[in-house]
Amino acid sequence: MLKQETIGHSRFPHEQYWPPVNAANEFSLTLNELLALNMGELTDKLQEIISATHNEELVNKYLAEIYSLYYGYKDAPRIDFWEKPEIFSRIEFIKLTLEDFFINTLLKSRYELPEISSAAQVGDYLRFFVEHNYGVSHAFFDFVADEMSEQQMKEFLLLEVIRNEIVDDEVALMVPGLQYSMKQVVVSNLWDECGNGAIDNFHTNWLRRLLTAHDEWSNILTYRAEQKPWFASISSNSFNAVLTTRFKCHRAYGHFMTTEAWVAPHFKKILQGMDRLGITDQNVRVYFDAHMRIDPHHAEEMIEGLLKNTPELAQVVLYDIIKGAHQAAMAGEMMYDKLLEYFRGNGH
Ligand SMILES: [Fe+2]
Ligand SMILES: [Fe+2]
């Protein structure tokens, strides 16, 4: 229960809309073009997109736009889907077709599925996996720590804000379908994301402080619309693919466990980069400092929640958790490979 006086209370200004997105009244031209097709034409067009040489980019751009509809912030056109069921069914068709290609082809796992038959074995496997996959010590973060220029760091921080701006909602979407201790740890994670009831400790509030400190509130809108590289959405798209698809909460659980375990090793390097560049402002650092402490617990809790879940999870569910963990690792690798190439190529 909240104390009355804490409701709506903050020490910081909150005039700015969160997340920092551009308002949209209609779908993008490209999505509109797809929606104008009949189902036969649409099926052909989607195959064309999937076979295109720059299919990675197209698929990620469409998916990123579609996911915004599932959250309902002002970047999602306000369309009454009850009045237009044919549009919504087509959006779902586009979404599921592109996701199938994204997950099963572009993010095809090079990690083999282990032989498992109990939650205890999955727990052991994942405890090792989340600390030893290729993404944990990805070379991109060495670049951030040792080489990234101040200008690039500012840009990378914008990308981090964008990547994390609705983590609380993402965690919330993971809840339905989980039970007992897995639900317990995810709900606790959501409560942490929401500052244990204190607005100033909402994790997104730390991102607001970063934007204010760097005076980036208007810049982030232009950056998002005109400059943000498409590949910066890969890991969010991968997570959203499982969060917004029925019966995929267990994949989401494994997915999130992997990325939570990455936070400490990655943020450590980001903070080293900030040290090197003389970025000492606590408003900029707070998001990263705080998560260095919080997220190792979150990752560990998710393993505990899995181990202590009862009744015993079905084998298909156990495999879903592992597949989710593998998918997150593949998505992160793909994104960080491309980010490394991008920032190496535009050094200034
Ligand atoms: Fe957080
Ligand atoms: Fe966390």
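The iron ion (ligand 2) and the iron ion (ligand 1) are separated by 4.0 Å. The model is predicted: local features need pLDDT of at least 70, side-chain atom pairs count only at pLDDT 80 or more, and totals for chains, interfaces and linings use all residues. Residues are numbered from 1 along each chain as its sequence is written, ligands are numbered from 1 in the order in which they are written, and side-chain values use heavy atoms, without hydrogens and water.

Donors are N, O and S atoms within 2.8 Å of the metal (3.2 Å for Na, K and Ca); water is not among the atoms, so sites may look incomplete. Glu 193 lies in helix α9 (residues 180–193) and His 291 in helix α14, so this pair ties together parts that are 98 residues apart in sequence. Helices are DSSP runs (H or I, at least four residues), numbered from the N terminus. Glu 193 is buried, at 3% relative accessible area. His 291 is also buried, at 2%. Buried means under 20% relative accessible area and exposed over 50%, with partly exposed in between (1.4 Å probe, protein chains only).

The iron ion (ligand 2) is coordinated by Glu 260 (OE), Asp 295 (OD) and His 298 (ND1), at 2.0 to 2.3 Å. Asp 295 and His 298 both lie in helix α14 (residues 282–307). Asp 295 is buried, with 2% relative accessible area. His 298 is buried too, at 1%.

Ile 7 lies in the segment before α1 (29–35). Its relative accessibility is 54%, which counts as exposed.

Technical notes. Helices (H or I, at least four residues) and strands (E, at least two) are DSSP runs, numbered from the N terminus.
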